[in-house]
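Here's a fold to look through. Keep the sequence and the 3D view side by side as you read.

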Amino acid sequence: MTLIAQSRDRGVATLTLDSPANRNALSAELVAELRESLAGCAADDTVRAVVLAHTGSTFCAGADLKAPPDPEAFVGLMREIVALPKPVVARVAGHVRAGGLGLLAACDIAVAGEASSFALTESRLGLAPAVISLTLLPRVDRTAANRYYLTGERFDATEAARISLVTEAAEDVDKALVPVLDGLRRASPQGLAASKELVTATVLRSFDQYAEDLIARSAALFASDEAREGMTAFLERRDPAWVR
């Protein structure tokens, strides 16, 4: 069963996360298939830009707690989106949680609809937004990061745009994407690649400098007793032991 649906339209490749049964969670299988699809887009000279979309009411629920990806594989996926010599545009018409925000922040442009909501829920599970900080912290307002990293509060598309997590909050996502995709189609492949390289250089250097340490931190947190309790409580739909 494929977890990534693909389509093409006038130089734009759309990769659709198509695992609604688990809310497009980042399973090892989905991460591997998305990396393969991105590599195919990178090698295809007819592809000018990539749209990352989703089926169902959730863009991405974060890591699949039943079949999580290797942290190195997920970091590799985020880095490949950032380093892809073609723009990646996120089309968000649903909810985004935890690691899904790291995937979203790796994209160059993101448009979110009114039905979208966002939350960094890691702290409530005994975890932390470790590896996704590689894409989130260069993008998101630091004061907002302080709040949402710590509280796990849910926020809407308007707030996501205010803190620079997404480029635009729109009533009609597809209508808002029309001028974006038209602009990308009018740009030359060389111009796009060179321009993207300028704005992603600092982010890529942070991957090279911090990724290994953050992967180790993430692995240690996932292996801890507190995180096991948090994840078990989440799956059992109950409060973890530390909630008073």
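This is a predicted model: local features need pLDDT of at least 70, side-chain atom pairs count only at pLDDT 80 or more; totals for chains, interfaces and linings use all residues.

What follows goes from the whole chain to its sheets and then to a few single residues.

## Ground rules

Residues are numbered from 1 along each chain as its sequence is written, and side-chain values use heavy atoms, with hydrogens and water left out.

## The chain as a whole

The chain has 9 helices and 10 strands; these are DSSP runs numbered from the N terminus, with helices being H or I of at least four residues and strands E of at least two. Its radius of gyration is 17 Å, close to the 18 Å that the globule rule gives for 244 residues, so the chain is as compact as a globular protein of that length. (The radius is taken over C-alpha atoms, and the rule is 2.2 Å times the number of residues to the power 0.38.) Along its principal axes, the C-alpha trace spans about 55 × 40 × 35 Å.

How much of the chain counts as buried? The figure is 49% of the 244 residues, where buried means under 20% relative accessible area, exposed over 50%, and partly exposed in between, using a 1.4 Å probe and protein chains only.

## Strand β7 and its partners

Take strand β7, residues 109-113: 4 of its 5 residues are buried, so the strand is largely enclosed by the rest of the structure. Strand β5 (residues 88-92) runs parallel to β7, joined to it by 4 bridges; two strands pair if DSSP finds at least two bridges between them. In this pairing, V89 stands opposite I109 of β7.

β7 also pairs in the parallel sense with strand β10 (residues 168-170), over 3 bridges. Here V111 sits opposite E168 in β10.

## The open four-stranded sheet

There's also an open sheet of 4 strands with mixed pairing, in the order β4-β6-β8-β9. β4 (58-60) and β9 (155-156) stand at the edges with a single partner strand each, so one side of each is left without a neighbour in the sheet.

V96 stands opposite F118 in β8.

Leaving aside neighbours within four places in sequence, T200 is in contact with V82 and D108.

S218 is found in helix α8 too, which covers residues 189-222. At 9% relative accessibility S218 counts as buried, and apart from residues up to four places away in sequence, S218 touches A130 and V131.

## Positive phi in a loop

The loop between β2 (12-17) and α1 (28-43) holds R23, which has a positive phi of about 60° although it is not a glycine. With 39% relative accessibility, R23 counts as partly exposed.

N24 is found in the loop between β2 and α1 as well, and its phi is near 55°, a positive value in a residue other than glycine. Is N24 buried or exposed? N24 is buried, with a relative accessible area of 0%.

Definitions and conventions. Contact means heavy atoms within 4.5 Å.
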